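Please have a look at it first.

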Amino acid sequence: MILADRLRMSLARDPGGVLVAGDAAELALHPAEAMTAAAVLVAVTDRTEPGLILTQRTETLRRHPGQVAFPGGRIDPGESAVEAALREAEEEIALPRAAVTLVGSVDLYRTGTGFEITPVIGVIPPDLPLVAAEAEVASVFEVPLAFVFDAANHHQGSAMWQGEERHFIEIPWNGRRIWGATAAMIVNLSRRLAWL
């Protein structure tokens, strides 16, 4: 069975655990109608041991500088979540849309900063020559799916934000810190894709 089919079958099943819906403590600050629609591409590499493509954002960005993220961004007017995720991945890391085998969209994730994010899963060939868009992306890297899906690597973190203690998930990998919304979406995927 090909990887895209395995992913589709896993997504069709009931999640194996409670999903993280969003940054719970901050969601009251943003009513649903005030959220900004966004989409990210969860690009899974088609390898014997699949990986996830992630980016490290540049330090000069106004929002979330230096953070590890999936390629993605706001959904433009008239654009679907899938179209936005593919467009953003092409803009940020030069991932050709034609190279992505779409699997489907998964559970929305709402952030305390006012975004409602649709993760879009796609399978891509391994070792594509991905190039970071210098204005937005400092680097592009691949992390093993088995590592980020392993609950033993999901740690609880906390920090003060806007005068209150905020709790989040973080996944340390190879000197990088995957945390916040990106880590929470990875945890949700790990609970949905229980075939590992």
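Let me begin with a term: a residue is called buried when its relative accessible area is under 20%, exposed when it is over 50%, and partly exposed in between, with a 1.4 Å probe and protein chains only. What we have here is a predicted model, in which local features need pLDDT of at least 70 and side-chain atom pairs count only at pLDDT 80 or more, while totals for chains, interfaces and linings use all residues. Residues are numbered from 1 along each chain as its sequence is written, and side-chain values use heavy atoms, with hydrogens and water left out.

I turn to the salt bridges, where a side-chain nitrogen of Lys or Arg lies within 4 Å of a carboxyl oxygen of Asp or Glu; by that rule the count is 11. One of them pairs Glu 142 with Arg 47, whose closest N and O atoms are 2.8 Å apart. Glu 142 sits in strand β8 (residues 137-144) and Arg 47 in the loop between β1 (36-45) and β2 (51-57), so this pair ties together parts that are 95 residues apart in sequence. Helices and strands here are DSSP runs numbered from the N terminus, helices being H or I with at least four residues and strands E with at least two. Glu 142, at 25% relative accessibility, is partly exposed, and Arg 47, at 28%, is partly exposed as well.

Buried or exposed: what is the state of Glu 79 and of Arg 87? Both are buried, and they form a salt bridge with closest N and O atoms 2.7 Å apart. Through shared partners, salt bridges join Asp 76, Glu 79, Arg 87, Glu 88 and Glu 91 into one network.

Arg 87 and Glu 88 are among the buried residues of α3. This helix, residues 81-93, has 13 residues and spans 18 Å from its first C-alpha to its last, close to the 18 Å expected at 1.5 Å a residue, where the expected span is 1.5 Å times one less than the number of residues. The cover over its buried residues includes β1, β2, β4 (72-74), β5 (101-105), β7 and β8. Just after α3, Ala 94 takes a positive phi of about 60°.

Helix α5, residues 180-192, is mostly covered, with 12 of its 13 residues buried, and α5 also brings us to the interior space. On a 1 Å grid over the protein atoms alone, a cavity is a set of points where a 1.4 Å probe fits but cannot get out, and its lining residues have an atom within 4 Å of a point. There is 1 cavity of 30 Å³ or more, and the largest cavity holds about 60 Å³, a volume being the space filled by probe spheres set on the grid points, which are joined across faces, edges and corners.

Which residues line the largest cavity? They are Val 106, Asp 107, Pro 119, Met 185, Asn 188, Leu 189 and Arg 192, and α5 gives the most to this lining, with 4 residues.

Terms used. 1 Å grid on protein atoms, 1.4 Å probe; cavity = no way out; pocket = protein on both sides within 12 Å on 5 of 7 lines; lining within 4 Å. Contact = heavy atoms within 4.5 Å.
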